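This report examines how two protein chains meet. The sequence and the structure are shown first.

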There are 2 protein chains.
Amino acid sequence: MSANWADLLPRMKELSHLSSSIRLLGWDQHVLMPAAGSGGRAAALATLQSIAHDRLTDPKLGEILNKLSADGSLDETQAASVRVLKRDHEKATKVPERVVREIAETQGLAFQAWTEARASSDFSILEPHLERMVSLKKEEADALGWKNERYDALLDQYEPEMLTSDVETLFTDLVNKLKPLAEQILQRAGERPEWLTDAYDVNKQTDYCHWLIQILKFDTMRGRLDVSPHPFTIHVGPGDVRQTTRYDERNVMMGILGTIHETGHALYEQGIPEEYLGLPVGETRSLGLHESQSRLWEMQVGTGKPFTEFQLPHLKERFPSQLSGLDPDAFYLGVIHPRRSLIRVNSDVVTYNLHITFRFELELALFRDELEVKDLPDAWDAAMEKHVGIRPDDVANGVLQDMHWSIGALGYFPTYSLGTLWAAALYRTADDELGGLSDDLRKGETGRLLDWLREKIHKPANTRPAKEVAQAVLGAPLSVDPFIDYVRTKYSEAYELDL
Amino acid sequence: MSANWADLLPRMKELSHLSSSIRLLGWDQHVLMPAAGSGGRAAALATLQSIAHDRLTDPKLGEILNKLSADGSLDETQAASVRVLKRDHEKATKVPERVVREIAETQGLAFQAWTEARASSDFSILEPHLERMVSLKKEEADALGWKNERYDALLDQYEPEMLTSDVETLFTDLVNKLKPLAEQILQRAGERPEWLTDAYDVNKQTDYCHWLIQILKFDTMRGRLDVSPHPFTIHVGPGDVRQTTRYDERNVMMGILGTIHETGHALYEQGIPEEYLGLPVGETRSLGLHESQSRLWEMQVGTGKPFTEFQLPHLKERFPSQLSGLDPDAFYLGVIHPRRSLIRVNSDVVTYNLHITFRFELELALFRDELEVKDLPDAWDAAMEKHVGIRPDDVANGVLQDMHWSIGALGYFPTYSLGTLWAAALYRTADDELGGLSDDLRKGETGRLLDWLREKIHKPANTRPAKEVAQAVLGAPLSVDPFIDYVRTKYSEAYELDL
């Protein structure tokens, strides 16, 4: 029987090497490729993806996986690899070649159209492409098959084994509890403190962030930090995890918190056991659990009082003229300052999830045939007003602000809030089990927390469905309460409110 | 019949996309990959190379190419593409899979061994791997087939359609004429001027070189300049030509001349007609002709009196404390200062080719079974003494200085000198045809020269054998005389000698 594992191994390696190459081409495209190279790069990427798709859908691979699924002699890693790859193979096999190709083509056209539409704040430029994309994603969902409703199939691509109904229940609860809380907090927040929008030299910000990621134990011998307009983290290959960030002279905390966020993703990737790399279990499938790591480091650690106390003196050293007069309380109040923003990526701990939940509602309406693409801008504005309490002045700052839908990433947004909810629950559990995390963080010591996350999340994360992994750690299904408690406590203390 | 071209097109595109991906993986590996990623990267590269090899040796491709070779209706670009790809296909098909695989494996092991051997100056660490490599390359040469002798097959991989006997005749003539000339020049050269080894801030050197490549009309919208330990230039894909350089605080001219050298390669790549990209004629095969471009810009332009006069004021602006007292003559004499160096890459216009010619003699002796790998260190030292006039103090500075042999690049070295010879001949022809190039260069104007090279070399270079392309421009077969005249005139004038 073990001969079959030997048959599978070179196929897995080949798929892994193709994915690794595709990831590097993508990283380079977003970080340093000359703009004139974009056409050639897109073509090269399409070729690699098509080769990878051929390999993944090879019927011979299916046969080997079927045999191995019934093989009781496999060890745990092997069995998990077979399970994960079988899922990928079956999903890839179900979608007709034509749909795969048309989605890829539409991605290119729609992304281009989105760029233009956003620049001229004109939804009609994107509309026909987005209509085509939604229609193709419906076809894809139906080809993949679903349990209760079509959206299940979309969600499953980013959050395996999670159902729309699970998310709907959670998000309804989240909105009901978060909205009144947010209203009270926002009323009390007051003006933005001046130090937040002072000018901070970008080179010095860069130096600081390169120092900070080492404090957070990102292994710079096995990775890099670079700059890109849309920050992201990617596991190029074994020993090579790359994160990016962005800096704005007038928004120092964006660079710092953004870097901490990506470091959370990157620590997760660097925590995947070495023996998994090159196997299907070496690649992450639950974006929600991935986001839980970035959100935990950004929110619970980065915007937490203890770690802001640790950071302040180091920032003062580099930016004396902007920060020397600031005391730790004032710094902390600035870091956690919330506001109603039209733009999701400029929002904060309090309002961020309200941006996500209404995107989920809109996606759901699209895929339940309750909303047409042409009506999206109005639906967006209404939802924004209802959830966040402000109305976009134009579509560029409204429905056109995110690229996700143009590239067909439908079913993706919910994972941002799932990550937030898991982050709060995981941090609370870690603190319960370890005790004294605040004292650690006040000294900039993150080792105990990281070790705990390595053991509880990074190691097992890719071998079982995220829901199971998290539940095993939390001892209960995911709930919104740890996050709501976190927001309530944080702002009750900061604003001396009785929330 | 045109249906067959349509059959060929997607196969050529796929091969081109695979090559482009392989080149990007290689670029990244040498420029910014974290060292810990090397194992994974080597594996991913091997997979892509193996897929490309499968595609290239596909018998179906051979059938299509055979049909198209007999198709008189193809246009010039199509016919050249078929000719070039047919050659590649046939060569790839001739070498047994086992030999391909074993060479790839030995490359990895031997390169690793070379690194260690050089660090500890111990040839015995490399010896068994190099023996294996030479034996495999003999097998490969015999599988490829050759005309007069085995080395023909090796040379043909880097300099298509060039014969060992052509090179031997040229190099014998070159050594006979260059050696006595070099002796006279070296005797007169005197001490190295101090400004050459002053400290020059590396950031300022970097700024200067980024400015300089734009003066030389490298299109930075369609390419990049980065840093790597071993400078190289690579055409990642359409609109994306990347060159690298290196800087040494104590050797400012190394960075500048090295950058000009790579810019020569890069201008060539940026000059390949756009309609060739993605086709076999979009990729360079003659390394000698490629090197002619880098050498022409480095030697004839970069170390030429007029361009040094142009550069000096710009360098003084950036490095006043090191250069403000220097007059143009003293600067020029420093730039062209020759010396007997143990290390090829630290040598100069006068001695460089003597380093190359003896490497060619050693390679030839190995492949004529007149020299064994174990005897290479002694043979090296003797040849170095005979040609360059100094004897290495250890093998690290002797036979172990270059990585080429360890990675199986046997037959490669001659292209460096072929490039030098072509460069001198081409520049002389350009100056004859255009007139007044010195006046242009004194003003930093390189446009007329570049346009001429674009038209005469860059455009046709990949569609015909290099020998033919060059001969059409030069009106005569390659000879050593333009280069010898160049050295004689340059140093006669500079040193007021009657050479």
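Predicted model: local features only at pLDDT ≥ 70, side-chain atom pairs only at ≥ 80, totals over all residues.

## Relation between the two chains

Two copies of a chain are related by a rotation about an axis and a shift along it. Here, chain B is superposed on chain A by a rotation of 180° with 0.0 Å of shift along the axis, at an RMSD of 0.0 Å. The two copies are thus related as by a two-fold rotation axis. Within chain B, S21(B) has the C-alpha nearest the axis, at 3.7 Å from it.

## Extent of the interface

The size of an interface is often given as the accessible area lost when the parts come together. Between chain B and chain A, the buried area is about 2400 Å², and carbon and sulfur atoms give 63% of this area. Three residues, H17(B), L32(B) and P34(B), supply 21% of the area that chain B buries against chain A, more than any other three residues. In terms of contacts, 32 residues of chain B meet 32 residues of chain A.

## Polar interactions and composition

Four salt bridges are found across the interface of chain B and chain A. R41(A) forms a salt bridge with D240(B), and the closest N and O atoms of this pair are 3.4 Å apart.

Several elements of chain B each supply at least two residues of the side that touches chain A: the helices α1 (2-31) and α2 (38-56), and the strands β1 (223-227) and β3 (240-245). The most is given by α1(B), with nine residues. By residue class, the side of chain B that touches chain A divides into 16 nonpolar, eight polar and eight charged residues.

## A buried glutamate in chain A

E140(A) lies in helix α6 of chain A, which covers residues 123-144. Its relative accessibility is 11%, and E140(A) therefore counts as buried, the cut-off being under 20%.

Leaving aside residues up to four places away in sequence, E140(A) touches V95(A), V99(A), I103(A) and Q157(A). With Q157(A), the contact includes a polar one: the side chains of E140(A) and Q157(A) are joined at 3.3 Å.

Terms used
Residues numbered from 1 in each chain as written. Chains lettered and ligands numbered in written order. Heavy atoms only, no water. Contact = heavy atoms within 4.5 Å. Buried area = accessible area lost by both parts, 1.4 Å probe. Salt bridge = Lys/Arg side-chain N within 4 Å of Asp/Glu carboxyl O. Helix = DSSP H or I, 4+ residues; strand = E, 2+ residues; numbered from the N terminus. Nonpolar A, V, L, I, M, F, W, Y, C, P; charged D, E, K, R; others polar. Least-squares fit on C-alpha atoms with pLDDT ≥ 70 in both. Buried < 20%, exposed > 50% of the residue type's maximum accessible area, 1.4 Å probe, protein only. Polar contact = N/O pair within 3.5 Å; in protein donor to acceptor, adjacent residues only side chain to side chain.
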